[in-house]
Amino acid sequence: MSAGAELKRPKAPSKLKHYLTAAIVVLLLWGSSIQTDATLGELIEGFPNMFDLLREMFPPKWTYLDNIVGAMLDTIRMALIGTTLGAIMAIPVALLCAGNLMAQWWLRYPVRFVLNLIRTIPDLLLAAIFVAIFGLGPLPGIFALSIFALGLIAKLTYEALEGIDRGPLEAMTATGANGIQRIVFAVIPQISAHFMSFTLYTFEINVRAAAVLGLVGAGGIGHYYEITLGFLEYDKTSVIIIFTLSIVLLIDYASSKLRGKLL
Amino acid sequence: MIELRNVSKMYPNGTKGLNQMNISFAQGEFVAIVGLSGAGKSTLLRSINRLHDITEGDILIDGQSITKAKGKQLRLIRRNIGMIFQSFNLVKRSSVLRNVLAGRVGYHSTLRTILGRFPEKDMNLAFEALDRVNIVEKAYSRADELSGGQQQRVAIARVLAQEAKIILADEPVASLDPLTTKQVMDDLKKINTELGITTIVNLHYVDLARQYATRIVGLRAGQIVFDGPVSEATDERFAEIYGRQVGKDELLGEQRV
C-alpha cells in the first residue's frame, strides 16, 4: 500500500531554474560594478568629503529665502499649467488607445507606440530640446512638463478605460445612442474620478520635475541650484533644498488626501 | 410588429445560437421565453435590437429590417426598443436621474447631449417614469447607493423615458431575491397593460412565466419547441421543453412569490 503511494507521487520539479536565475543576477551585479568602477573602497574614500559638504551647508542662510520665493512659486505655476495642458491633450489620446472603445488596431497601436516613445524621453532632455527651440525661460519648461504629463496621464487613463464596466455601454447602444453619446453617458462618468486622480498624481511628479528643469535654463527654482552651486555657496543651496522639500511634501500630502477622497 | 424570418446565428466558435427560427410577436403581447441556459434565449433577445448580428435570415421591426439598417436608421429603430438587463447596466457613479435621462439621448443631437441640456419635457418624462416605478424620491441619489431591486426599477424607468414601443428584458430578475422579483415583474406587467408596450422577457423560472405572461415560447438548442398561451404551458409540456421533469430549481416556489 505504502509502496503504491510512493510510486504515484509525482516527481518534485527541479530547482535548477531558481539557482540559475540567482547566479545570473549576481553575475550581472558584479559585472556592472566592475564596469562602472563602483567599488566599496571608492565609497569609503569619498565619505569624509560628504561630511565636509554637509558642514558647509550648515547653518543654512535663511535670509536667502526672500530671493527664491518668487522662483518657487514659478515652479509650482509651471507644474500646474504643464500638467493641465497635458491632461487636456491626454483625453483624446487615451480614447484612441483604449482597445474596447477604438476597434481600429491600425490607429490604436501607432498611438500607443508614440506614447511609449514620449515616456522614454527624460523630462530634462525634453526641457533642453524646448529651450533650444523657444529660448530660456519658463515656457519651454511648461511644454516639457505637459508632454511628460500627456505621456503618463494618457497611459494610465487608457488602461483604466479598458477596465470599465461594459454594461452601461451596451445599454446606451440599446437606447439608440451614437458613438459620442455612448462615451459621454457611459464612459466619462465611469472614468472621470480616475482621470482626476491621475492628473493630481502627475502634478505631484511634475512639481518635483519642475524643481530641476532650471538646470537646463527652463525656468523655476532649478536655476538657483545652478547659481549657488557654481559659487560654492552651499549654505544657500541647503535653504533651497529644505524649501523645495517642504513644498513638495506639502503638495504630495494635499494631493494624496484629495485623491483618497476621489476614489 | 416583430417578425423573425429564417433567423440563424452562428457564433465564431461554431456553436449555433439560433437555428432557422421563424416567429412573430404582436403589439401589446407579454411574452415569456423559457429554456435552459444556452438554449438561445439571450441570443434571440439581443438579435432583435441587433446587439448581436445574425448570420442568416431577416428581422423586421414594424416592417423595417433592422438587419439591413445602418447608422442613423439603425439608431432610430433601436430608440423604439428598450432593453432591461440582468445586471441592470446602470452607470453606478451617476445619479438615478441622469441614468434615466440617458434613455433620451437618441432623441437629441450629439452637441445637446454633450452639454447635458435636456429640455423640460425630458425632465418631466424622467420624473414620470421614476414615479411609475415608485422610486422618484431617489432621483438625486447615486445609482450604486440603491439596492438591486431599486436599480432594476431605475433601468425600467430608463426604458420608459426612452418611450420605447417594445421592451426586451434579458433575465431581469435573475439577480434579485423573491420579494423584489415580484415588484419588478409587477412593474413590467403594469407597464405592459397600462401603456400597451410589447414586452418580451427571458425567464428561468417557469412558474413566474406562467404567472405573468400571456404567451410562452420555449427554446431548446436555438429552436422553438413550444409556442402557445399560458393555459397550454403545463408541467407536462415543460417536461418536453427541458427534456425531463420540471425541477425544483426551475420553480421560484408559490409560497415565496
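Let me begin in chain A, where α5(A) passes α7(A) in a left-handed crossing, left-handed being the case in which the near helix is turned anticlockwise from the far one by less than a right angle, and right-handed the clockwise case. Helices (H or I, at least four residues) and strands (E, at least two) are DSSP runs numbered from the N terminus. What we are looking at is a predicted model, in which local features need pLDDT of at least 70 and side-chain atom pairs count only at pLDDT 80 or more, whereas totals for chains, interfaces and linings use all residues. Residues are numbered from 1 along each chain as its sequence is written, and chains are lettered from A and ligands numbered from 1 in the order in which they are written.

To stay with that pair, α5 (residues 105–120) and α7 (residues 138–161) of chain A pack at an angle of about 130 degrees with their axes 9 Å apart; axes here are lines fitted to C-alpha atoms, for helices over the stretch in contact, and angles run from 0 to 180 degrees between N-to-C directions. α5(A) and α7(A) are therefore oblique to each other, given that angles under 35 degrees count as roughly parallel, over 145 as roughly antiparallel, 65 to 115 as roughly perpendicular and the rest as oblique. On the α5(A) side the contact is made by Leu115(A), Ile118(A) and Arg119(A), which meet residues of α7(A) including Ile147(A), Leu150(A) and Lys155(A), contact meaning that the C-beta atoms, placed from the backbone, lie within 7 Å. By class this contact has 6 nonpolar, 1 polar and 2 charged residues, where Ala, Val, Leu, Ile, Met, Phe, Trp, Tyr, Cys and Pro count as nonpolar, Asp, Glu, Lys and Arg as charged, and the others, Gly among them, as polar.

How do the axes of α9 and α11 of chain A cross? Helix α9 (residues 179–213) and helix α11 (residues 234–262) of chain A have axes that come within 9 Å and cross at roughly 175 degrees, which makes α9(A) roughly antiparallel to α11(A). Among the residues that meet here are Leu200(A), Phe203(A) and Arg208(A) in α9(A), and Ile251(A), Asp252(A) and Leu258(A) in α11(A). The contact of α9(A) with α11(A) comprises 11 nonpolar, 3 polar and 4 charged residues.

Now to chain B and its sheets, in which two strands pair if DSSP finds at least two bridges between them. One open sheet has 4 strands in the order β2-β1-β4-β5 (chain B), with antiparallel pairing, and its edge strands, β2 (16–25) and β5 (64–65) of chain B, each pair on one side only. Within this sheet β1(B) and β2(B) pair over 6 bridges in the antiparallel sense, with Leu4(B) opposite Ile23(B), and in their hairpin, which has 5 residues between the strands, Gly14(B) takes a positive phi near 95 degrees. Strand β1 (residues 2–10) of chain B also pairs with β4 (residues 56–61) of chain B, in the antiparallel sense over 5 bridges, and there Glu3(B) stands opposite Leu60(B).

The other open sheet has 6 strands in the order β6-β7-β8-β3-β9-β10 (chain B), with mixed pairing. β6 (81–84) and β10 (223–229) of chain B stand at the edges with a single partner strand each, so one side of each has no neighbour in the sheet. From one strand to the next the twist averages 15 degrees. Strands β3 (residues 30–34) and β8 (residues 198–202) of chain B pair in the parallel sense over 4 bridges, Ile33(B) standing opposite Asn202(B), and α7(B) packs on the sheet, touching β3, β7 (166–170) and β8 of chain B, with its direction at about 155 degrees to that of β8(B).

Chain B too is divided, into domain 1 (1–80 + 165–247) and domain 2 (89–163), whose centres, taken over C-alpha atoms, are 25 Å apart. Between them, 12 residues of domain 1 of chain B are in contact with 10 residues of domain 2 of chain B. Which helix gives the most to the side of domain 1 of chain B that touches domain 2 of chain B? It is α7(B), with 6 residues, and that side divides into 6 nonpolar, 3 polar and 3 charged residues.

Finally, between the chains, 22 residues of chain B are in contact with 18 residues of chain A. On the chain B side, α2 and α4 (110–115) of chain B each supply at least two residues, α2(B) giving the most, with 4, and the classes are 9 nonpolar, 9 polar and 4 charged.

Definitions and conventions
Domain bounds come from an automatic or database domain assignment. Two residues are in contact if their C-beta atoms, placed from the backbone, lie within 7 Å.
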